[in-house]
Amino acid sequence: LQQDAQEYVEGLLAAGGLQAKEIRVLTDRNEEGSIVLTEVAAVFTYPVEGERASALLRNALGEGVRVMVETGG
């Protein structure tokens, strides 16, 4: 499931023309017992990529998912 969630996030970023150097995802079970995405962390080379990725991920994943984006060479 972690792999599926990571591939989903990679696909979202690719749709926006972005590619992260590293992506980490965390999942958990909600009250109904379903597995849900809870956190996404991604690393990009350039600050402008990070800003775009942060906006894209927050909009696509919603308020229930914590998004952390870092930049650096």
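## Ground rules

Contact here means heavy atoms within 4.5 Å. With that in hand, take Val 40: leaving aside its neighbours within four places in sequence, Val 40 is in contact with Val 9, Arg 24, Val 25, Leu 57, Leu 61, Val 65, Arg 66, Val 67 and Met 68.

Keep in mind that this is a predicted model, where local features need pLDDT of at least 70 and side-chain atom pairs count only at pLDDT 80 or more, while totals for chains, interfaces and linings use all residues. Residues are numbered from 1 along each chain as its sequence is written, and side-chain values use heavy atoms, with hydrogens and water left out.

## The sheet

Helices (H or I, at least four residues) and strands (E, at least two) are DSSP runs, numbered from the N terminus. Three strands make an open sheet in the order β1-β2-β3, and their pairing is mixed. At the edges sit β1 (22-29) and β3 (66-71), each pairing on one side only. From one strand to the next, the twist averages 15 degrees. Two strands count as paired if DSSP finds at least two bridges between them.

β1 and β2 run antiparallel, paired over eight bridges.

## Inside β2

How much of β2 is buried? Seven of its ten residues are, so β2 is largely enclosed by the rest of the structure. Buried means under 20% relative accessible area, exposed means over 50%, and partly exposed is in between (1.4 Å probe, protein chains only).

Glu 39 belongs to this strand, which spans residues 35-44. Glu 39 counts as buried because its relative accessible area is 18%. Neighbours within four places in sequence aside, Glu 39 is in contact with Arg 24, Val 25, Leu 26, Val 65, Arg 66 and Met 68. For contrast, look at Glu 51 in helix α2: its relative accessibility is 57%, so Glu 51 counts as exposed.

## The helices

Helix α1 (residues 2-15) lies across β1 and β2, at about 130 degrees to β1. Helix α2 (residues 47-61) packs on the sheet and touches β2 and β3, its direction making about 170 degrees with that of β3. Axes are lines fitted to C-alpha atoms, for helices over the stretch in contact, and angles run from 0 to 180 degrees between N-to-C directions.

The α1 and α2 axes come within 10 Å and cross at roughly 120 degrees. That makes α1 oblique to α2 (under 35 degrees is roughly parallel, over 145 roughly antiparallel, 65 to 115 roughly perpendicular, and the rest oblique). Tyr 8, Val 9, Leu 12 and Leu 13 of α1 make the contact with Ala 53, Leu 56, Leu 57, Ala 60 and Leu 61 of α2.

## The core

A nonpolar core is a set of buried Ala, Val, Leu, Ile, Met, Phe, Trp, Tyr and Cys residues joined through side-chain atoms within 4.5 Å. The largest one has 17 residues, of which Val 9, Leu 13, Leu 37, Val 40, Leu 57 and Leu 61 touch the most other members. α1, β1, β2 and α2 are the elements that give two or more residues to this core.
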